[in-house]
Amino acid sequence: MSRRLLLVALCILLSAVSVSAENVESNVHGPVGSFLNLLVNDPFIPLFLSLGFGHLFARLKFGSFALNTTAATLFIALVMSALVYLSSGLHFAVPDIVQTISLTLFLYAVGLRVGPQFLTGLRLEGFHLIILTVITATLNFLLNFLGAKLVGLAPGFAAGMISGGYNVTAAMGVATDAVNRGVYHVPSGITSEQVVANIAAGYSLTYIFSLLGIVLLITHLPSLFGYDPVKTARESEKRLGVSDVPLPGTSQAFRTGLIPADIRVFQLANTQFAGCRVHEVFERFDTPVLRLTRSGEVIPLITNPRLEIDDLLTVSGQLNKLLGNGQSLGPEVADEDARQLDFDQAEIVVTKPEFVGKTLQEFHLSGPGYGLRVRAIFHLGHEMPLLPQTKLQKHDVVRVIGLAESVNRATQALGQSVRPTDTTQLVTLSLGAVAGYMVGLISFPVAGIPIGLGAPAGAIIGGIVVATVRTLNPRFGGPVPEATRSFMENIGLDTFVAALGLNVAPNLVKILGQGRSVLWVVVVGMIAALVPPVVAWLVGLYVFKMDPIFLAGAVAGSRSSTTAMKAMQDEAKSAVPAYGYPVPYTLSAVIVLIFGYLAMVLY
């Protein structure tokens, strides 16, 4: 069984039952009727039933085939809504605010994820991304407009098909407005109400089928051209400079274990070290003493105390150094109490002038650097080499790990620090999403067409800005742990498609019973929705020589399909598709408005 067969099965199901859709009578009596009324009157129940059963359905495999969670959730929501409508005549009505919130959360979370890599992708492929978007949108317009003319579809369908294929509802709005304001002159034999109805019908049909189609297409494009998605994505990450070292300000920055090296305990027996200061051991062996235990008591290291015979020295470092240098101190002992150390880690932003211009070696040998391991240094969001001569500059981010007291001492000496946490800073999360959303609402009328980013594009840009600023200064806005961000991304998109499926299935069932026009809308709409992305893919791959996984995300963006981009991320097990997505997505939202308007006034 293939994904194509599943799509056909859905079409057959809705087509077979739609014959009687116009004659559906409400029959909501008895226990079954009461249960159906409960579902319809309380959208929370069907919404989360769709999510739960959708994710269960995604676990099923038919041979080597399985749906991703988003497509499975949409499928379950469509079937549930259609069956409830056909059996009782009842409609689900999930409030629009649910879709607005869920889609905004998803896109904002994507922005937080891609952050600085988006700017890298724009810098590397900005011109190519613009060209691919123009190619996709222009071909979509021509195929829909000329195809509708060729098969004789009534006025309004072409504009609706463009809007639905891109899921840019505003395009349907400007086309409807052109009819209502008389910019489009309605021909004799048809009313303006019928034209508006055709716009809505073209939108609904094309949207549902193209949504499924573009997901299947985008996720299969790399493999169809001989690229293993997962393997190629790993190569793409290296090519795009996606380092294994997490960027500052992300929760992944602290994902590794706390213990930085091997921990050993030696009992001082070498009289050469008796009377020496603790720091002398570090200076001689480059092996810090992290704990000094004498007669069962812990001696504070802040005073740099002198060593005595039989002291227990807890040291840390590379194993070969410990075995060689440590044994010259005395025999190794198994003392678990002496091995119990309180480790901490932090990202420290260099703001104090005392260490600006100092080398990493100088910091390593200084008092504040004692007992610490520097894991990474970032300058303006870029990772710097960990070399002795690397100089610290103002606002550099130094990622360290070591004893809690050592981390505190380094923080006081260098500047300000950010610590690992599972707590989400809702101020940044909320205000960042609102700011991006409001920027997206700004539009300027051009020839009667409102031109702007759109709220969804604004949300993703808001996330990108917040993530980028945090790489420069991790203290900006507080933490957004990866678990929280990932949950926002997953629940946001799946909730959006669940609400969509529940709301549109009854209208889809009705439309499927309208005969020949419906067939041509589906055929022309699907051709116009799927052919342009393939052309854009070929141009990007063979003309522009673009990275295939990055390109797949760009093609999804040029088709304004967040679902396809997310599905490609799942397929490649990588965030690379999201790097190519925001620029085409934002640009396509503007271009499609223009083409939706032209498809109406020129028809």
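Modeller: Let's start with contact, which means heavy atoms within 4.5 Å. In the protein chain, residues 24 or more positions apart account for 81% of the contacts with a separation of 6 or more. This is a predicted model, so local features need pLDDT of at least 70 and side-chain atom pairs count only at pLDDT 80 or more, while totals for chains, interfaces and linings use all residues. Residues are numbered from 1 along each chain as its sequence is written, and side-chain values use heavy atoms, with hydrogens and water left out.

Biologist: How many helices and strands does the protein chain have?

Modeller: There are 22 helices and 11 strands. Helices (H or I, at least four residues) and strands (E, at least two) are DSSP runs, numbered from the N terminus. Of the 603 residues, 54% are buried; buried is under 20% relative accessible area, exposed is over 50%, and partly exposed is in between (1.4 Å probe, protein chains only).

Biologist: What angle do helix α9 and helix α20 make where they pack?

Modeller: Two packed helices are described by the angle between their axes and the distance between the axes. Axes are lines fitted to C-alpha atoms, for helices over the stretch in contact, and angles run from 0 to 180 degrees between N-to-C directions. Here α9 (residues 229-239) and α20 (residues 562-572) pack at about 95°, with axes 7 Å apart. That makes α9 roughly perpendicular to α20; the cut-offs are under 35 degrees for roughly parallel, over 145 for roughly antiparallel, 65 to 115 for roughly perpendicular, and oblique for the rest. P229, V230, A233 and R234 of α9 meet M568, E571 and A572 of α20.

Biologist: Is α20 itself mostly covered or exposed?

Modeller: Mostly covered, with nine of its 11 residues buried. Among the buried ones are K566, M568 and A572. Just after α20 comes K573.

Biologist: What is there to notice about phi at K573?

Modeller: Most residues other than glycine have a negative phi. K573 has a positive one, near 50°, without being a glycine. K573 sits in the loop between α20 and α21 (576-579) and is exposed, at 60% relative accessible area. D310 is another non-glycine with a positive phi, about 75°. D310 is in the loop between β3 (297-299) and β4 (312-317), and is partly exposed at 48%.

Biologist: Which residues have the most contacts inside the largest nonpolar core?

Modeller: A nonpolar core is a set of buried Ala, Val, Leu, Ile, Met, Phe, Trp, Tyr and Cys residues joined through side-chain atoms within 4.5 Å. The largest has 95 residues, and L153, I218 and M600 have the most contacts inside it. Helix α8 (residues 192-224) gives the most, with 15 residues. Leaving out residues up to four places away in sequence, I218 touches A552, V555, A556, A564 and M568. Apart from this core lies another, of 19 residues, including V40, F57, V79 and V94.

Biologist: How far apart are the end C-alpha atoms of α22?

Modeller: They are 30 Å apart, which agrees with the 28 Å that the 20 residues of α22 (residues 582-601) should span at 1.5 Å a residue. The expected span is 1.5 Å times one less than the number of residues. In α22, 16 of the 20 residues are buried, so this helix is largely enclosed by the rest of the structure.

Biologist: And where does L292 lie?

Modeller: In strand β2 (residues 289-294). L292 is buried, with a relative accessible area of 0%. Outside four places in sequence, its contacts include V278, I299, P305 and L313. P305 is 13 residues from L292 in sequence and 9.0 Å away in space, C-alpha to C-alpha.
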